[in-house]
Amino acid sequence: MSRPLPPEDQPPLPHVLWIGGPPAAGKTTVARLIARRHGLRWYNADAHTWEHRDRAIAAGHPAAIRFEALSRAERWSVPEAELIAMSLHHERGRMVVDDLRALPPAPLTIAEGTPITPAVVATIPGGPAASVWLQPSAEVQRARLRERGLSAGPRTLYRSLVGEIEAEVAEYGARRLLIDEDSGVEETVEAIEKIFAGVLGAGPVAETAGERARLLRYANRATVAQYEAFFARPWSPGDARTAVHAFACECGRLDCRDDIDLAIADFPAPPDDATSPPVLAPGHHRAE
């Protein structure tokens, strides 16, 4: 991993909106909807998990190397402190910032993920454009993790991250949004839109269907890369032919919320070819 630049040498990120919080807080769901509704770039930290792990391994990070060396059963049976260390929770926050600095400054980017912590955002010169941390109640998180069918190890890690993040939010006086049993997706989206209203109103945002379609392709391709990097692991189960994901329709219409289930191997390639066919819901058309 690269050594962080001194604060005075780090460029600001006035075009980035930040959403943090523990797993199962709803970050991805609301950020994805806001991005599609307003014509923003959506940066999903989860989609860069394995890329970040490869960076850490290349830099010789002991916890990253140990994670890869253990069997899947072994890595989830270690003590809680080691689970957090091997998750690279703190290290990945700096990598997220590096990723965001490499992206174009327009349109606005909405960045979300568990590694986005108040400590990370506090390093941004001039402060963040806007930021919020979603805080699910214990009941909400338990129910959502149960729905995912996770084993005991991941559940332990995810629950432990709640305490880590809540402590940091309190320490830095960061803005939080409580997610309880009554917090529907639309209500949460509207609450975050109010928090981000000033920045969203000033823009810049994607104005044309073609611009929005390219942003959707960026997000879809990030997901493909995530799966491909995972399947490249020698211990990884499954493959790109059988793994299916719900990809965003790339028609670029502002009112489109459709997804299309595709096997990873069936996603159009090559990714940078302008003639590559868009992923479209039935009845939708390529953006002009």
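The model is predicted: local features need pLDDT of at least 70, side-chain atom pairs count only at pLDDT 80 or more, and totals for chains, interfaces and linings use all residues. Residues are numbered from 1 along each chain as its sequence is written, and side-chain values use heavy atoms, with hydrogens and water left out. The whole structure holds 8 aromatic pairs. Its largest pocket has a volume of about 1,500 Å³.

**Aromatic rings**

- Rings of Phe, Tyr and Trp (its six-membered ring) pair if their centres lie within 6.5 Å; planes under 30 degrees apart count as stacked, over 60 as edge-to-face and the rest as tilted.
- A search of the whole structure finds 8 such aromatic pairs. One of them joins F230 and F231, a tilted pair at 5.7 Å centre to centre with 55° between the planes.
- F230 and F231 are both buried. Buried means under 20% relative accessible area, exposed means over 50%, and partly exposed lies in between (1.4 Å probe, protein chains only).
- F230 and F231 also belong to a cluster.
- R75 lies over the face of F67, 4.0 Å from the ring centre. R75 also lies over the face of W235, at 4.2 Å from that ring centre.
- A charge sits over a ring if NZ of Lys or CZ of Arg is within 6 Å of the ring centre and within 35 degrees of the ring normal.

**Backbone exceptions**

- Most residues other than glycine have a negative phi, and most peptide bonds are trans.
- The peptide bond from A106 to P107 is cis, with omega near 0°. P107 is in the loop between α6 (89-101) and β3 (109-112).
- G203 and P204 are also joined by a cis peptide bond, with omega about 5°. P204 sits in the loop between α11 (197-202) and α12 (209-231).
- Helices (H or I, at least four residues) and strands (E, at least two) are DSSP runs, numbered from the N terminus.
- A24 is not a glycine, yet its phi is positive, near 70°. Its place is the loop between β1 (16-20) and α1 (27-38). A24 counts as buried because its relative accessibility is 4%.
- L88 is not a glycine either, and its phi is positive at about 60°. L88 lies in the loop between α5 (80-87) and α6. At 0% relative accessibility, L88 counts as buried.

**The largest pocket**

- On a 1 Å grid over the protein atoms alone, a pocket is an open set with protein on both sides within 12 Å along at least five of seven lines, while a cavity is a set of points where a 1.4 Å probe fits but cannot get out. Lining residues have an atom within 4 Å of a point.
- Grid points are joined across faces, edges and corners, and a volume is the space filled by probe spheres set on the points.
- The lining of the largest pocket has 45 residues. D46, T49, R148, Y158 and Q226 lie nearest its centre.
- α12 gives the most to this lining, with 6 residues.
- By class, the pocket lining has 20 nonpolar, 14 polar and 11 charged residues. Ala, Val, Leu, Ile, Met, Phe, Trp, Tyr, Cys and Pro count as nonpolar, Asp, Glu, Lys and Arg as charged, and the others, Gly among them, as polar.

**Cavities**

- The structure has 3 cavities of 30 Å³ or more. The largest cavity has a volume of about 170 Å³.
- The largest cavity is lined by 16 residues, with A35, R36, L40, R212 and L216 nearest its centre. α1 and α12 are the elements that give two or more residues to this lining.
- α12 gives the most to the cavity lining, with 5 residues.
- The cavity lining divides into 9 nonpolar, 3 polar and 4 charged residues.

**Two single residues**

- H89 lies in helix α6. H89 counts as buried because its relative accessibility is 4%.
- Not counting residues up to four places away in sequence, H89 touches I84, T114, P115, T117, L161, E164 and I165. Contact means heavy atoms within 4.5 Å.
- R286 is in the segment after β7 (259-263). R286 is partly exposed, with a relative accessible area of 41%.
- R286 and G252 are 34 residues apart along the chain, and their C-alpha atoms are separated by 8.0 Å.
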